Amino acid sequence: MDYDYLARIKASISLYTRKKTSNILDGEFSSIYRGRSFDFDDLREYVYGDSVRDIDWKSSSKTGRVLIRRYIADKKHNILFVGDSGYKFQGHTDKGESKSDIALNVMGTISYLVNDHGDDYALLTSTNKGYDFTFFRSGKVHLENLLIKYEKILKEEESKPLNETLDYIAENIRRKMIIFIITDMEGISRLDDNLLKKLSVMNDVMIVNIEDAYLFGDNIFDLETRDYEREYMIHDKKVHNAEIKDRADRKKKAEEIFKKHQISCVDVSREAEIIDKIVELFDRHRIESV
């Protein structure tokens with residue numbers, strides 16, 4: 001485990017905050033949860049992006065400020081990270097960066113945000129020994145332990161298909177959660193309407209798709225066959241265009257299902273874009289789940 005990792009994440013978030021002159025936790029992150037608890041907690045001043053349905057008009061008229069009702073669910077969330085894995089994550093993205101490094105960085109960045117927000121979070125992954133599910137906790141030690149665990153699992157070649165893991169969650173974890181799924185196009189292609197309906201009926205679901213390298217260029221290694229692709233394949237533009245079209249078609253099909261179940265998704269290819277993509281994911285989810 002690279003123990004400078006958290007320092008890099010913190011620096012990236014701090015840089016983003018200064019650049020945007022706003023705090024991720026005050027805006028994009030704090031309002032991503034569409035669920036509501038019936039337990040009223042307190043009031044706070046309205047910020048851009050809040051639902052007008054939560055305005056307490058009586059208190060607002062008395063104070064001269066627009067105040068929002070906050071509920072227990074708004075203050076403390078249960079966050080579940082579902083980390084896809086297997087030999088496919090030992091490859092590269094379409095920008096030539098390590099898929100496993102991107103996956104770990106995505107989980108680390110969102111974990112850092114939810115930890116600062118005071119939420120409890122857990123990681124569920126599939127290994128060659130079965131499902132590995134941590135407790136819902138918070139704190140820096142918990143954060144580091146989750147990163148170490150996911151880093152270790154990403155190095156393993158065996159894992160259950162993503163759809164089986166999500167079906168296990170839908171059938172066995174009975175609590176309202178925000179679920180962050182970290183996967184790739186192969187994982188997304190396995191998600192069907194019935195599964196996502198079961199998963200999203202109680203939970204908010206967001207997906208980070210880590211883009212795969214294309215079958216075009218030099219020295220393309222196929223992780224499934226454990227061999228280099230043939231020269232005539234990797235330089236054939238017709239094959240490359242067909243691959244681009246196939247990927248676009250699969251994305252369009254998945255997006256139609258996601259929209260139906262108010263599931264938001266973003267694509268990530270480079271470490272440098274992770275913060276912006278996570279903020280985009282939060283923004284999309286807030287808008288699409290209204």
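Q: What percentage of the chain's 290 residues count as buried?
A: Keep in mind that this is a predicted model, where local features need pLDDT of at least 70, side-chain atom pairs count only at pLDDT 80 or more, and totals for chains, interfaces and linings use all residues. Residues are numbered from 1 along each chain as its sequence is written, and side-chain values use heavy atoms, with hydrogens and water left out. Buried means under 20% relative accessible area, exposed over 50% and partly exposed in between, with a 1.4 Å probe and protein chains only. By that cut-off, the buried share of the 290 residues is 46%.

Q: Which residue in β4 does Phe-81 stand opposite?
A: Two strands pair if DSSP finds at least two bridges between them. β3 and β4 run parallel and are joined by 6 bridges. β3 is largely enclosed by the rest of the structure, because 5 of its 6 residues are buried. Across in β4, Phe-81 faces Leu-123.

Q: Is Thr-134 buried or exposed?
A: Thr-134 sits in the loop between β5 (130-133) and α6 (140-154). Contact means heavy atoms within 4.5 Å, and, not counting residues up to four places away in sequence, Thr-134 touches Ala-122, Leu-123, His-142, Leu-146 and Lys-149. Its side chain also gets to the backbone nitrogen of Leu-123 at 3.0 Å. Relative accessibility is 10%, so Thr-134 counts as buried.

Q: How many degrees around the axis do the buried residues of α7 cover?
A: In α7 (residues 162-172), the buried ones are Leu-162, Thr-165, Leu-166, Ile-169 and Ala-170. The arc is taken from the directions from the helix axis to the C-beta atoms. These residues lie on the same side of α7 because their arc is only 135 degrees.

Q: Which helices do the buried residues of α7 pack against?
A: On the strand side, they pack against β3 (78-83), β4 (120-127), β5 and β6 (178-183). The helices they pack against are α8 (185-189) and α9 (193-200).

Conventions: Helices (H or I, at least four residues) and strands (E, at least two) are DSSP runs, numbered from the N terminus. A polar contact is a pair of N or O atoms within 3.5 Å; within protein, one must be able to donate a hydrogen and the other to accept it, and residues adjacent in sequence count only if both atoms are side-chain atoms.
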